[in-house]
Each structure stands twice: as C-alpha cells, then as structure tokens.
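Try each task yourself before reading its solution.

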Amino acid sequence: MKLNSLTKEEEKVIVDKGQEIPFTGEYDTHYEDGTYVCKRCETPLYTSDSKFDAHCGWPSFDQEIKGAIKHVPDKDGQRTEIICNNCSAHLGHVFIGENFTPTDTRHCVNSISLKFIPKKDQL
Ligand SMILES: [Zn+2]
C-alpha cells in the first residue's frame, strides 16, 4: 500500500487520533463538487453531495462511500470513531440520531484527514 508522508500536524490527527481546532479546518465551509479522499492513502471516502453544514466547526457528511470507512468503538466508551478502511487513518467520529438529514447520520471529520479532488480534475 502506498502511503503519503505526513506533516507533524497531519500526524497528530491521523496517527495519534487528535482533533483539529473547530472552525479552522480547510474544508469546514467548503462546498465545491468533487470527492474527498484519505490524506494518507488517497482512497475516496466521501462525495461532495453528502456534505452538509452542521455548524459544528468540522466538515460533516451524512453518508460515506460504501465500504470506505470502518466504524470502531472509541476508547472513550461513548463515541464511535471512524477510520479509513484501507489504511486505518483516523478521520473523526460518527453520530447517529441527530436529525440533521434524512440519513440521520453525521460523520464529523477533521479536514486535515482529507484531501479534496475537484470534479473537474477527475477523469
Ligand atoms: Zn487511508
């Protein structure tokens, strides 16, 4: 598996499961058409049609690309952590039952764990 090398900042979130400061991430209020891929292995994780504004300070998605993401119980015993199914990069957490969108699911993802590929650059 080819993995991109990470900066210290990226490592803090992706490897050490940290969290970026809310309302500071590159993609928090980013609504172009395209695909969000894993920063480390570039597996497509979310499409822009599933992105919505939950006003929580992090990019929010109501649906993942099928099979791209693994849900695991967080060490805190409360939340569900989401990781890249391919390289296990930490992405954020998933919350169910908040009634934001019809899927009733919010993937709360750190911008720094993602890379955006605009639709116009895709084949
Ligand atoms: Zn990955």
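Predicted model: local features only at pLDDT ≥ 70, side-chain atom pairs only at ≥ 80, totals over all residues.

**Exercise 1. Count the helices and strands in the chain, then give their order along the sequence.**

Step 1: the chain has 1 helix and 9 strands. Helices (H or I, at least four residues) and strands (E, at least two) are DSSP runs, numbered from the N terminus.
Step 2: reading along the sequence gives α-β-β-β-β-β-β-β-β-β.

Residues are numbered from 1 along each chain as its sequence is written.

**Exercise 2. Check the radius of gyration of the chain against the globule rule.**

Step 1: the radius of gyration is taken over C-alpha atoms, and the rule is 2.2 Å times the number of residues to the power 0.38.
Step 2: for 123 residues, a compact globule would come out near 14 Å; the chain has 13 Å, so the two agree.
Step 3: along its principal axes, the C-alpha trace spans about 35 × 35 × 30 Å.

**Exercise 3. Trace the pairing from strand 5 through strand 6 to strand 7.**

Step 1: strand 5 (residues 69-73) runs antiparallel to strand 6 (residues 80-84), with 5 bridges joining them. Two strands pair if DSSP finds at least two bridges between them.
Step 2: in this hairpin, 6 residues sit between the strands, and Gly 77 takes a positive phi near 75°.
Step 3: strand 6 also pairs with strand 7 (residues 90-96), antiparallel over 4 bridges. That hairpin has 5 residues between its strands, and Ser 88 in the turn has a positive phi of about 65°.
Step 4: find Ile 82 in strand 6, which stands opposite His 71. Ile 82 also stands opposite Gly 92 in strand 7.

**Exercise 4. Work out the strand order of the open sheet of 3 strands.**

Step 1: the order is 2-1-9, with antiparallel pairing.
Step 2: strand 2 and strand 9 (114-118) are the edges, each pairing on one side only.
Step 3: strand 1 and strand 2 share 3 bridges, and Thr 35 stands opposite Thr 47 in strand 2.

**Exercise 5. List the contacts of Leu 114.**

Step 1: contact means C-beta atoms, placed from the backbone, within 7 Å.
Step 2: not counting residues up to four places away in sequence, Leu 114 touches Tyr 27, Tyr 36, Lys 39, Leu 45, Pro 59 and Val 109.

Conventions:
Contact = placed C-beta atoms within 7 Å.
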